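Work through the following exercises with the structure in view, and try each task before reading its solution.

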Amino acid sequence: MEGLSKKRRAWNRTMKALMYISAALTCALLLGLIGYIFIRGVPSLTWPLVSGVTSYLKNTIGILPNILNTLYIIAVAMVIVLPLGVGAAVYLTEYASNRRVAGAIEFAAETLTGIPSIIFGLVGMLFFCQIMGTKEGVLAGGLTLVIMILPTVMRTTQESLKTVPQAYREGAMALGAGKWRTVRTVVLPNAVDGIVTGCILAVGRIVGESAALLFTAGFGVELNSFKTALHSSSATLTVALYIYAAERGETDVAFAIAVILMIIAFLINLAANGAGRRLKNGRGAN
Amino acid sequence: MDSVITAKGLNLWYGDHQALKSVDIEIPEKRITALIGPSGCGKSTFLRTLNRMNDLVPGVRIEGEVRYVGQDIYAPEVDVTWIRKRIGMVFQKANPFPMSIYDNVAYGPRTHGVRSRAQLTEIVEKSLRDAAIWDEVKDRLNKSALGLSGGQQQRLCIARALAVEPDVLLMDESTSALDPISTAKIEDLATELKNRYTVVMVTHNMQQAARVSDLCAFFLLGEMVEYGDTETMFSTPSDKRTEDYITGRFG
């Protein structure tokens, strides 16, 4: 080849090889990890494990309570965070006239998303369990997670609201629609895909969270109804993984839980992608 | 000839930039008034002060007065939704909502409290007929408005504006994004509409202003340089700057 000196060509080849190795290593690492978890976890993933409870008397291990606790926490956190996060986002993008205050709140929210989750756990424990007197359980854990994921839900909703063309708002206003009517009938329906995607990702964070729940939701592995679980120590799947791996030495159970968590993570990502796309197409031309 | 809208000593700033400089105008009833001038001269800004759409722009400051049938529309007690109901607007780019054709037209009446289905259907049909698009869409009222062509979308937006029974229709370069045939349709429509509505249109197109408007206002650098009968202005402009612009010496 004309132009490129021998030295430069050699350099090119070396760099290309290095990139190739990086990519191959990354791939191998990820696939290896997933493969390893599946190989270790799938054999112990049995129906009695998934549908049973842990009992010292009967010498059984079951993670049904933990699956339920995870669902309870998702329900508690989402029911609170959804109206709160969407409401705050609508206020900041549609109503707030003081851009500096709005900017400050956005910056604070941005910062909050980067804080290690164990700090939310610590604050949650102090605030909900000690100051407010809530007992360790799904309620305290759920409320802690609300604080943790609120900024995320708010930010994704805001981003979604910002994609709604200004022309829609102007169109509605020019017809004499008030602010709230414009938001409700024109802005929110066109931002719903982003809001749903944000919520699904928030659910993903809840499912994957453990540190913030250690001090707030607790380590209990008994089977509870939703009402009892609110105020009694309830370990979610991730916390249960920690318990079985670190405190009971049941590594196989831990890996089985890991498999379940990975499948959930996969499904959540799939759902987030699908929901975004479907809702977007749903309101296009037809 | 009664004037519907009057502006007196109207000044407008976007931050530090003065976009309108003491504009005085009287817009007569049931006529088409065209606002012309080069880009950035303030004609669109002026149009948007008439239904207070500039309220949506952060950092805007307005001095002077704008009266609609004698009422100062910037007075604190005025309900801005009432003004926008009386003074409708069609934008430069067609902006139908991503909903059905029917719901687009029914949006305004619903906003103002019409609930009965029969009444809404009647308003929708009448508005679409008035906007000369009924025959094209009558079989697909429940289809998305986004499936219409650009020209149809713009006429749909006109129908949507007419559905709230305004008194004045503001058109902000409403044909600039359209092909010549759609443009001609909308010009015919405007001429038709002036029997019942007062139309104020911003246009970049000199021929359009000459063809359809009864009165014409020439804006330059935020000032209204000349205002009067369109024919007179185009044949014997009284200001040198107007003449230069109309004859195409700048623009």
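**Exercise 1.** How much area do chain A and chain B bury between them, and what percentage of it lies on carbon and sulfur atoms?

*Solution.* This is a predicted model, in which local features need pLDDT of at least 70 and side-chain atom pairs count only at pLDDT 80 or more, while totals for chains, interfaces and linings use all residues. Residues are numbered from 1 along each chain as its sequence is written, chains are lettered from A and ligands numbered from 1 in the order in which they are written, and side-chain values use heavy atoms, with hydrogens and water left out.

Begin with the buried area, the accessible area (1.4 Å probe) that two parts lose on being put together, summed over both. For chain A and chain B this comes to about 1,900 Å², with 63% of it on carbon and sulfur atoms. Next, look at chain A, where A:A174, A:L175 and A:R181 supply 33% of the area buried against chain B, more than any other three residues. Finally, counting contact as heavy atoms within 4.5 Å, 20 residues of chain A and 27 residues of chain B take part.

**Exercise 2.** Which side chains meet in a salt bridge between the chains?

*Solution.* A salt bridge needs a side-chain nitrogen of Lys or Arg within 4 Å of a carboxyl oxygen of Asp or Glu. The rule finds one across this interface, and it joins A:E170 and B:R48 at 3.2 Å, N to O. Turning to the elements (helices are DSSP runs of H or I, at least four residues, numbered from the N terminus), those that give two or more residues to chain A's side are α7 (166–174) and α8 (179–208), and the largest share, seven residues, comes from α7(A).

**Exercise 3.** Which residues of α3(A) meet α11(A)?

*Solution.* Helix α3(A) and helix α11 (residues 237–247) of chain A pack at about 145 degrees with their axes 8 Å apart, where axes are lines fitted to C-alpha atoms over the stretch in contact and angles run from 0 to 180 degrees between N-to-C directions. From α3(A), the residues A:N66, A:I67 and A:T70 meet A:L237, A:A240 and A:Y244 in α11(A).
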